[in-house]
Amino acid sequence: MYRALRPLLFQLSPDAAHALAFAALGPVEHVGVLRGLTRVMFASPPDPRVAVRTMGLDFPSPLGVAGGFDKNARRPRALAALGFGHIELGTVTAHAQAPNPPPNLFRLPADRALVNRLGFPNDGAAAVAERVRRVRAGVVVPLGMSIGKSRVVKVDDLDAVVADYVASMDAVRDVADFVVVNVSSPNTAGLRTMQAGEHARTLLSALAVAAGGKPLLVKIAPDLDDAGLEALLAVVADVKLTGVVATNTTLSRAGLATDAARVEAIGAGGLSGPPLRARALEVVKRVRARLGAHVVVVGVGGIERAEHAMALVKAGADLVQMYTGFIYEGPGVAGRIARELAAMATREGARTLRELRG
């Protein structure tokens, strides 16, 4: 049904379509009976073949919603009812902030991709955390919160940057099952400098203390070169973070099917979807090889079908996430992928996905 509706939805601007989708999920978010019906219609029944236990948490499937889809925690219960195995909300910042100037979100249908330069629009970490607190009992899967740098904080004032992130951590820590530190969005000026060795060490060390034992992961860019990636992963190992989310959106425009003039006209922003898939797979492999078996790895980039998720698992991911694939595939995608992953595990003679992890 969604495939029939998608051409109509894609006649709307990306912003309008996103708003319409959130409006459609509103009754599911707020009415328990509708959440139950939605779960029956869309979610895959519990299946030990795809269940994952990591970070001390039980995930009914490895597939979650990536940060950026529900920035203000407006629909976490509805997203869980659709069958996602976890929800990452945000990215939130200590100071409330508006989106970057429009237009800031673009579709590339020929590549089944998106380009966004939204920044971190959100109501502020404290306000979003309070919203989560009110509905937390109804979110039946693990819930992560992504935190980022406020736009008003200058990136060259490291003390101020650290204090800004710590303020967000203090706000969200008690409502989250795990926290993701976003230092890799390409849409906040200078943010990716926080991935550099000593900057990363200072920030992540402070946040590891502020987390108070809460699982803490860092989200990294796909555009890091080998030396930059190695330096950042060395910090992750030294600080003893719980894990890594690999990867964020990319600045690369290589190999796109979309007309080059259209791509140039869109301009700056992070590219997501299938064009990111190969690089995400490569980074997941490198992270797992560098950090070993006990660090949590979350693979993100280009998932649309079960084989994409399975490839990331075999590369070393404990969990996987999607955003762009959700836009293109529709509300049934999480349950479908969970069912297909279970069947794939059985065909490969595995009792659980963990047995197949790289």
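Reader: How do the residues lining the largest pocket divide by class?
Author: The lining has 22 nonpolar, 4 polar and 4 charged residues. Here Ala, Val, Leu, Ile, Met, Phe, Trp, Tyr, Cys and Pro count as nonpolar, Asp, Glu, Lys and Arg as charged, and the others, Gly among them, as polar. This is a predicted model, in which local features need pLDDT of at least 70 and side-chain atom pairs count only at pLDDT 80 or more, while totals for chains, interfaces and linings use all residues. Residues are numbered from 1 along each chain as its sequence is written, and side-chain values use heavy atoms, with hydrogens and water left out.

Reader: OK, what counts as a pocket, and what as a cavity?
Author: Both are found on a 1 Å grid over the protein atoms alone. A cavity is a set of points where a 1.4 Å probe fits but cannot get out, and a pocket is an open set with protein on both sides within 12 Å along at least five of seven lines. Lining residues have an atom within 4 Å of a point.

Reader: What volume does the largest pocket have?
Author: About 810 Å³. A volume is the space filled by probe spheres set on the points, and grid points are joined across faces, edges and corners.

Reader: Which residues lie nearest its centre?
Author: Tyr2, Leu9, Ala21, Gly330 and Pro331, out of 30 lining residues in the largest pocket. Elements that give two or more residues to this lining are helix 1 (2–9), helix 2 (14–30), helix 3 (32–42), strand 5 (105–108), helix 12 (324–329) and helix 13. Helices (H or I, at least four residues) and strands (E, at least two) are DSSP runs, numbered from the N terminus.

Reader: Which element gives the largest share?
Author: Helix 2, with 8 residues in the lining of the largest pocket. Helix 2 also gives the largest share of the lining of the second largest pocket, 4 residues.

Reader: How much space lies in that second largest pocket?
Author: About 300 Å³. It is lined by 16 residues, with Asp15, His18, Phe69, Lys71 and Leu118 closest to its centre. The lining of the second largest pocket divides into 8 nonpolar, 4 polar and 4 charged residues.

Reader: And how many cavities of 30 Å³ or more does the structure hold?
Author: There is 1. The largest cavity has a volume of about 450 Å³. Of the 33 residues lining the largest cavity, Gly67, Lys219, Asn248, Thr249 and Tyr323 are the closest to its centre. By class, this lining has 11 nonpolar, 19 polar and 3 charged residues.

Reader: Switching to helices. At what angle do helix 11 and helix 13 pack?
Author: At about 60 degrees, and the axes of helix 11 (residues 306–315) and helix 13 (residues 333–347) are 9 Å apart. That makes helix 11 oblique to helix 13. Angles under 35 degrees count as roughly parallel, over 145 as roughly antiparallel, 65 to 115 as roughly perpendicular and the rest as oblique. Axes are lines fitted to C-alpha atoms, for helices over the stretch in contact, and angles run from 0 to 180 degrees between N-to-C directions.

Reader: Which residues meet there?
Author: Ala306, Glu307, Ala309 and Met310 in helix 11 meet Ile337, Glu340, Leu341, Met344 and Ala345 in helix 13. Contact means heavy atoms within 4.5 Å. By class, the contact of helix 11 with helix 13 has 7 nonpolar, no polar and 2 charged residues.

Reader: How do helix 10 and helix 11 cross?
Author: The axes of helix 10 (residues 277–291) and helix 11 cross at roughly 25 degrees and come within 8 Å. That makes helix 10 roughly parallel to helix 11. On the helix 10 side are Arg277, Ala280, Leu281, Val284, Lys285 and Arg288, which meet His308, Ala311, Leu312 and Ala315 in helix 11.

Reader: Last topic, the backbone. Which peptide bond to Thr91 is cis?
Author: The one from Gly90 to Thr91, with omega near 20 degrees. Thr91 is in strand 4. The peptide bond from Ala246 to Thr247 is cis too, with omega near 20 degrees. Thr247 is in the loop between strand 10 (243–246) and helix 9 (260–266).

Reader: What is phi of Met55?
Author: Near 60 degrees, a positive value in a residue other than glycine. Met55 lies in the loop between strand 1 (52–54) and strand 2 (57–59).
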